Amino acid sequence: MFQKIKRYQFLFEELVKRDFKKKYKRTVLGMAWSVLSPLLTLLVMRMVFTQFFGRSTPHYTTYLFCGNLLFSYFNESSSQGMSALRGNAGIFSKVNVPKYLFLFSKNVQTFINFCLTLCVFFVFCVLDNITFTWKFICLLYPTVLLVLFNIGVGLILSAMFIFFRDIQYLWSVFTQLLMYFSAIFYTIDGYSPTVQNLFLLNPMYLFIRYFRKIVIEATIPSVYFHLLMLADVVIVLGIGCWMYKKYNHKFLYYV
């Protein structure tokens, strides 16, 4: 795979550049929207939810920003990844190139946006009197896994979108439901242990919880927590790779 990416490096770089230009075409602020968009969303959520959930939650702005940051990255990456194949059908239907390159280019673009917003998040941590410790290095673990998880979800969605156009509407409803079950603006401390364990079935909650444990609580999650996150990524990425391998030649007949 890496040899093919290196072989088509020029195409890959051009795809990333094209995606950036297309996203910010005819906008006054350009890439600044990568930072402004999540910040404006954070502002709205903070105004709405502070009075209901944030009164007793330490560092609630950081708590809220953390959840919004990770979920927005996932939502953007999966939504754009869904149309990666369909949107580039004019290229791979005429030229024999690895089809996963189109998905990877989308993920590179969304990851850069995520990194820009992550820098702003760290600034907010300073303003919120968060103590930076060596444990912040552990944030690399959920970040890498989230990138791989987004690629896996993108592989699955882009393949399904070729055959079933309805998936875009179903996914929109699903992500909205997933957002409410990811404890972005509320805590789960008031629920019973059984209900709290059910949240562990949500991969996005695991990523968000990991970030909060490191940043706000300054504690490293358990080994079980690490393995659970890894298992989710391996399963999703494995399914995505299998779908691309199995239906690779059928994509041309449905685009």
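## Aromatic contacts, helices and a pocket in an all-helix chain

Arg212 lies over the face of Tyr63, at 3.5 Å from the centre of the ring. This contact, like everything below, comes from a predicted model. Arg212 belongs to the buried residues of helix H10, and Tyr63 is a buried residue of helix H4, which spans residues 60-82. A second contact of this kind involves Arg165, whose charged end sits over the ring of Phe161, 5.9 Å from the ring centre.

The chain has twelve helices and zero strands. Of its 255 residues, 47% count as buried.

### Aromatic pairs

A pair of aromatic rings is described by how far apart the centres are and by the angle of the planes. The count for this model comes to 22 aromatic pairs. Two of them are set out here.

| Pair | Arrangement | Centre to centre | Angle between planes |
|---|---|---|---|
| Tyr60 and Tyr63 | stacked | 6.2 Å | 15° |
| Phe65 and Phe124 | edge-to-face | 5.1 Å | 90° |

Tyr60 and Tyr63 are three residues apart in helix H4, about one turn of the helix. Both Tyr60 and Tyr63 are buried. Tyr63 thus has two partners described here: the ring of Tyr60 and the side chain of Arg212 over its face.

What does the pair of Phe65 and Phe124 tie together? Phe65 lies in helix H4 and Phe124 in helix H6 (residues 100-127), so the pair joins parts that are 59 residues apart in sequence. Phe65 has a relative accessible area of 0% and is therefore buried. Phe124, at 26% relative accessibility, counts as partly exposed. Phe65 and Phe124 also belong to a cluster linked by ring pairs, along with Phe121, Phe122, Phe132 and Phe136.

Helix H10 has 13 residues and reaches 19 Å from its first C-alpha to its last, close to the 18 Å expected at 1.5 Å a residue. Is H10 enclosed or open, and why is it described that way? Eleven of its 13 residues are buried, so H10 is largely enclosed by the rest of the structure. The buried residues include Tyr205, Phe207, Tyr210 and Phe211, as well as Arg212, the residue that lies over Tyr63.

Helix H11 covers residues 223-247, which makes 25 residues. From first C-alpha to last, H11 reaches 36 Å, close to the 36 Å expected at 1.5 Å a residue. Among the buried residues of H11 are Phe225, His226, Asp232, Gly240 and Tyr244. Leu228, Met229, Val233, Val236 and Met243 of H11 are buried as well.

### The second largest pocket

Rolling a probe the size of a water molecule over the atoms shows where empty space is left. The second largest pocket has a volume of about 430 Å³. Of the 18 residues that line it, the closest to its centre are Ile188, Asp189, Tyr205, Arg209 and Glu217.

Which helix supplies the largest share of the lining of this pocket? H10 does, with four residues. Helix H9 (193-199) and helix H10 (203-215) each supply at least two residues of the lining. By class, the lining has eight nonpolar, five polar and five charged residues. Tyr205, one of the residues closest to the centre of the pocket, is also one of the buried residues of H10.

Notes. Residues are numbered from 1 along each chain as its sequence is written. This is a predicted model: local features need pLDDT of at least 70, side-chain atom pairs count only at pLDDT 80 or more; totals for chains, interfaces and linings use all residues. Side-chain values use heavy atoms; hydrogens and water are left out. The expected span of a helix is 1.5 Å times one less than its number of residues. Buried means under 20% relative accessible area, exposed over 50%, partly exposed in between (1.4 Å probe, protein chains only). On a 1 Å grid over the protein atoms alone, a cavity is a set of points where a 1.4 Å probe fits but cannot get out, and a pocket is an open set with protein on both sides within 12 Å along at least five of seven lines; lining residues have an atom within 4 Å of a point. Grid points are joined across faces, edges and corners, and a volume is the space filled by probe spheres set on the points. Ala, Val, Leu, Ile, Met, Phe, Trp, Tyr, Cys and Pro count as nonpolar, Asp, Glu, Lys and Arg as charged, and the others, Gly among them, as polar. Rings of Phe, Tyr and Trp (its six-membered ring) pair if their centres lie within 6.5 Å; planes under 30 degrees apart count as stacked, over 60 as edge-to-face and the rest as tilted. A charge sits over a ring if NZ of Lys or CZ of Arg is within 6 Å of the ring centre and within 35 degrees of the ring normal.
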